[in-house]
Amino acid sequence: MSAALSLSGVEMVFGGLRAVGGVSFDVPERSIFGLIGPNGAGKTTVFNCVTGVYAPTKGAITFRGQRIDGLPAWKIADLGIARTFQNIRLFGQMSVLENVLVASHRVTRASLLDAIVRTRRYADDEAAMRRKALDLLKFFELDDNADQRASSLPYGDQRRLEIARALMLDPKVLLLDEPAAGLNSAEAKVLEQQIRTLRDRFDLTVVLVEHNMQVVMAACEEIHVMDRGETIAHGAPAAVQKDPKVLEAYLGAGHDNAIAATHTDASATADVLLDVKDLRVNYGGIQALKGISLEVRRGELVALIGANGAGKTTTLKAIARTLAVKSGSVRFAGRDLAGVEAHELVTLGVAMAPEGRAIFPNLTVRENLEMGAYTVDDPKVVATRLDEAVTLFPRLGERMKQLGGTLSGGEQQMLSIARALMSGPALLMLDEPSLGIAPVLVDQIFEAIDRIRRKGTTILLVEQNTRRALAAAQRAYVLVTGEVALSGTAEALANDPRVQGAYLGEGVHLD
Ligand SMILES: Nc1ncnc2c1ncn2[C@@H]1O[C@H](COP(=O)(O)OP(=O)(O)OP(=O)(O)O)[C@@H](O)[C@H]1O
Ligand SMILES: [Mg+2]
C-alpha cells in the first residue's frame, strides 16, 4: 500500500527543547492512523509541521510522494491536507452554517471578478457551497442548528462542527487533534463510527491524535506512539496496547475499575459555603438552566454530572458571574453575590479553572501563575504556592519561562488548575479537569484534586467521566436538560441504576 503521508527523521526544536526528536512513519493511503502519547509528547507539533505552521528543523515530509515540509500553510491546505485544532477555533459569533462556509473560498471555481459582478457562475457556486455545507452539517446532525451561534453549541457539537469545516476543503488527508475531548462515551462511540464512515465516503486518509483510548483502539488500524518527542512504539492497536513502554509512559493503571472511591470519607461540615437557588439562564430563546438549586458544604467535593449540553458549564459560569443570569440567587459564605463582579470573586475566595483553560498565551508559565495570585499581598505566600503548584505538576516547574500559548494542550490544562489554586480559594470550581489529559495523568489529576480537598479547599467539580467524578465526590447533582434530575451522596448515586447509564454517556433514565 502506498503512503499518503510520510515523515522521515522529522525534528522540531524550540530554543533548547526538542519537541519532536527525529520521528519517522508512513501513513498508508485511506487508513485511519493513530498518533498517541503523553501530554507534551509532540503530537500537535507533528501536526503543525505537516500543515506548515512550522518548518521542521530537520527531516522530510512527503504527501503522495511530493515534499511538503517548509511549504507555506495555504499551499499545503491546497494540496489536500486539512486539520482540526486541539483548542477549538470557531468563530463564536457567526452561525454554525457560516462557520462551515468560511472554509469554502479555497475550493470555489468562481474568480474574484465573478464575485464582484455577481455572475451566474458565482451564484451557482454559492448555492452549491451552501448545499455542500448543509450536507456536511446533516452528516454530523448539526443541520437543525445551522442558524444558531457557534458559541452557543455544547462543546461536543463544536468539535463536530470543526470537522465539518475541515471537510469543506475536500481534503485527501484529514488530521484530527483530539476530536473526542469533552465527549462522553456514547458520543465518542458515535464519533468513532463517523470517522470510519467519513473515510469511506470521502476516500480520506485520517491521522488521529486522541487520548480517548476506546476511540483510538476501535478506529485506528495502525498506531504510532511518542513520548517526549521520541517514538516509543509503533504497530497494530492490540500490540501497542500491551507494550510495556506504552503502559508505563502513557496508559498507566488507568482502568476505570481500578479507581478507588474516596466518598466514604465525610470530612464535610454542615456549614453551607455555596448556596444556589432556582438559577435560571437563557441563551437567546433557549432556556439553558430552568431553575437549578444546589448547595456545597464547607470541605466537600460536590460533582455536577450529566450529558453534554445538560447545563453543567453554564451553571459554573452563572455562579462565577461570567454570564448573565435571568433569575435566582447565589450565596457564597452567607453573602448574596448579586451585584458582585466576576473579577471580585477571587477576592471573596472563589476561583475557577474554566473549560477551554483561558490561560494568558503571551505570559510565561510563571507570570500566569502569579496572575492567579494577584489578590495575595504577601510574596512569601506567593512563593509557597508556586512551590505547591510545581509539586502538583512537575512539568510546569520545568517550563516556568515558556509562554503559556505554546504549552501543549495537557500542559495548559495543568496550568489552568494550578493558576486557580494560586489565590488560595475557599471554593475551587473545576470544569472538566481531565479534558485533554493523557490516561496516566488523569489518575494523577484526580489524586491531586483529592489532596487539594483534604487540605481544606471546597470543590465543585464538573466532569464528563461520571465514574471518576462519583469516585472523587462526597455528593453529586445530576443535570438533565437544565434541571437537577437527581441528587444525593456520591455512593448512592454510583449504585443508582438510573445513573449507571450515565457511565456510558447514555444519560439518566428517570422512568
Ligand atoms: N512554540 C513552542 N515553543 C516552545 N515549546 C513548545 C512550542 N510548541 C510546543 N512546545 C513544547 O513542545 C512539547 C510538545 O508539545 P505538543 O503540543 O506537540 O504536545 P502534544 O503531544 O500535542 O501534547 P498534548 O497531549 O498535551 O496536547 C510540549 O512540551 C510543549 O510545551
Ligand atoms: Mg496536543
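Predicted model: local features only at pLDDT ≥ 70, side-chain atom pairs only at ≥ 80, totals over all residues.
Helices, here runs of at least four residues in the DSSP assignment, are numbered from the N terminus.

Of its 8 residues, 8 are buried, so α1 is largely enclosed by the rest of the structure. The buried residues comprise Lys 43, Thr 44, Thr 45, Val 46, Phe 47, Asn 48, Cys 49 and Val 50. Just beyond the end of α1, Gly 52 adopts a positive phi of about 85°.

The domain assignment of the protein chain gives domain 1, made up of residues 1–80 and 171–251, and domain 2, residues 91–168. The C-alpha centres of domain 1 and domain 2 are 26 Å apart. Contact between the two involves 10 residues of domain 1 and 7 residues of domain 2. On the side of domain 1 that touches domain 2, at least two residues each are supplied by α2 (73–79), β7 and α7. That side of domain 1 divides into 7 nonpolar, 1 polar and 2 charged residues.

The largest nonpolar core contains 148 residues, and those with the most contacts inside it are Leu 208, Ala 303, Ala 418, Leu 461, Ala 473 and Ala 476. Because domain 1 and domain 2 both give residues to this core, the core lies between them. For Ala 303, contacts beyond its neighbours within four places in sequence are made with Leu 461, Glu 463, Ala 469, Leu 470, Ala 472, Ala 473, Ala 476 and Ala 490. Leu 470, one of these contacts of Ala 303, can be set against a residue of helix α2, Asp 78. Asp 78 itself is partly exposed, having 13 other C-beta atoms within 10 Å.

Helix α10 (residues 244–251) has a buried side and an exposed one. Val 246, Ala 249, Tyr 250 and Leu 251 are its buried residues. These cover an arc of only 145° around the axis, which places them on the same side of α10. Pro 244 and Glu 248 are exposed and lie on the face of α10 turned away from the buried side. The cover over the buried residues of α10 includes the strands β3 (32–36), β9 (222–227) and β10 (230–235), together with the helices α9 (237–242) and α17 (439–454). Just after α10, Gly 252 takes a positive phi of about 60°.

Positive phi values also occur in residues other than glycine. Arg 30, with phi near 65°, is one of them. Arg 30 occupies the loop between β2 and β3. This residue, Arg 30, is partly exposed, with 16 other C-beta atoms within 10 Å. Glu 178 likewise has a positive phi, near 55°, and is located in the loop between β7 (173–177) and α7 (185–202). Glu 178 has 25 other C-beta atoms within 10 Å and is therefore buried, the cut-off for burial being 20 or more.

Strand β1 (residues 3–14) includes Ala 4. With 24 other C-beta atoms within 10 Å, Ala 4 is buried. Apart from residues up to four places away in sequence, Ala 4 touches Val 27, Pro 28, Glu 29, Arg 64, Lys 172, Val 173 and Thr 205. Ala 4 and Ser 31 are 27 residues apart in sequence, and their C-alpha atoms are 8.8 Å apart in space.

Methods. Residues numbered from 1 in each chain as written. Chains lettered and ligands numbered in written order. Core = buried A, V, L, I, M, F, W, Y, C linked by C-beta atoms within 7 Å. Buried ≥ 20, exposed ≤ 12 C-beta atoms within 10 Å, placed from the backbone. Domains from an automatic or database assignment. Arc of directions from axis to C-beta. Nonpolar A, V, L, I, M, F, W, Y, C, P; charged D, E, K, R; others polar.
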